[in-house]
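Hi,

Here is the structure I said I would pass on.

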Amino acid sequence: MATGIGVVVGSRNSSAAVADDDCAADGSDCPTIRRRSILHLPPQGAPTLGATPSERADARTPRGVVLEGFAAHVGDPVGIRAADGSAHDGAELMATAIGCLVREVRGRRVAGRTVVAHPTAWSDGTVDSLREALSHTGYVEATLVSEAAAAMHWLSAARGPLGRNAVVVYDLGAASLDISVLGEVAEPHGAGFPLLGPPIRSEDITGSRFDHLIMSSVLDQLGLDLDPYAPETEQALTGLRARCERAKEALSADLDAAVTVELPGLRRDIRLVRADVEDLLRAPLRRSADLIAEALDGARLTRDDVSRVLLVGGGSAIPLATEVIAAELGLPVAAAARPDSAVTHGAALLARDLSQDRPAG
């Protein structure tokens, strides 16, 4: 039985999935692990991904360092400096994070090929820097594809042949919104799904920005005059932002959610209603529809050339995203039940197909 591993390391979250011939067509039941993109490098022993808050506190001690945000520094010659003063190469950190995920899933189940999905907007040089770093760590068998191509493999597996019309991949993650226009399979045994125009990336319309809007709304309801630079307040706001993120995710399924505010001298629960949060997010989501139009212009296509818009990424789980994109563009919208896993599952399905050397997608 052919098996394959799909891996995605994002700015905030990372995941890996194992696909085999017994998986559902869309990979929805593939064994999948998810970890925060926080890398713990101990002085002895193997690195770990998804460090706990207590491990983060160890970053200033001899017991090791904790690093995050490295995905944005792949290919950056400057690299990242840890709290203890040590310097680290972004591509090497990315390769290490990939290795952590692969080791963990292989510990649960034997798998064949590995496909790593990288940001679609990366340059060839950035992709090459990761490929070299993976080679140094021993993962020379990893196939690198864009996240948009992995998403297309998921769509093809889940919905069947895509036809000749283009597909817009709308990837709304924590740190960026990436919009790509792709065509039909060009390489039956390779990554396939060529880009038809330059991808569009926005760092203003992101899941993190949404979390900030929600947190600002919660603080406005309290009417407090805070010094955000006071150490105790800064730490409390970090925790509040994480709770606002969880509330945003809960509102994808529920009509309301509670956020506990814990600030110096204050503890209170604030009720969030989905309709009110949607009012905060409607304007940026409408702006994102303009970026889709820009991506189509770059590909020299019109809406008539597009079969559908595929929503992936954790931010796409917001029901309003589907509503706004469909209304603004008049195009069919497709999404997985778990948009945050579609790229990982697509990469795993491609890895399985490459393992058994059969046409992928």
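The lining of the largest pocket splits into 15 nonpolar, 14 polar and 14 charged residues. That makes a lining of 43 residues, and nearest the pocket's centre you'll find Gly10, Asn13, Gly173, Ala174 and Gly314. Several elements give two or more residues to this lining: strands S1 (3-9), S2 (13-20), S3 (32-36) and S11 (166-172), plus helices H6 (231-250) and H9 (342-355). The space inside the largest pocket comes to about 1,100 Å³. Do keep in mind that this is a predicted model.

Next, the salt bridges. There are 14 of them in the structure. Arginine 12 sits in the loop between S1 and S2, while aspartate 211 belongs to helix H5 (residues 207-222), so the pair links distant parts of the chain, 199 residues apart. Both arginine 12 and aspartate 211 are buried. The two also belong to a network of salt bridges that links Arg12, Arg36, Asp211, Glu245 and Lys248.

Two other salt bridges are worth a click. Arginine 267 meets glutamate 262 through their side chains, at 3.0 Å from N to O. Which side of the cut-offs do these residues fall on, buried or exposed? Arginine 267 has a relative accessibility of 58%, so it counts as exposed. Glutamate 262, with a relative accessible area of 37%, is partly exposed. The other bridge is between the side chains of aspartate 340 and arginine 338, at 2.7 Å from N to O. Here aspartate 340 is partly exposed at 33% relative accessibility, and arginine 338 is partly exposed as well, with a relative accessible area of 43%.

Last, the cysteines. How many disulfides does a search of the whole structure find? The search finds zero. Cysteine 30 is in no disulfide, and its nearest cysteine sulfur, that of cysteine 23, lies 3.2 Å away. Cysteine 30 is buried, at 6% relative accessibility. Cysteine 100 is buried too, and its relative accessible area is 7%.

Enjoy looking around, and write back with any questions.

Cheers

Methods: Residues numbered from 1 in each chain as written. Predicted model: local features only at pLDDT ≥ 70, side-chain atom pairs only at ≥ 80, totals over all residues. Heavy atoms only, no water. 1 Å grid on protein atoms, 1.4 Å probe; cavity = no way out; pocket = protein on both sides within 12 Å on 5 of 7 lines; lining within 4 Å. Points joined across faces, edges and corners; volume = space filled by probe spheres on them. Helix = DSSP H or I, 4+ residues; strand = E, 2+ residues; numbered from the N terminus. Nonpolar A, V, L, I, M, F, W, Y, C, P; charged D, E, K, R; others polar. Disulfide = S-S within 2.5 Å. Buried < 20%, exposed > 50% of the residue type's maximum accessible area, 1.4 Å probe, protein only. Salt bridge = Lys/Arg side-chain N within 4 Å of Asp/Glu carboxyl O.
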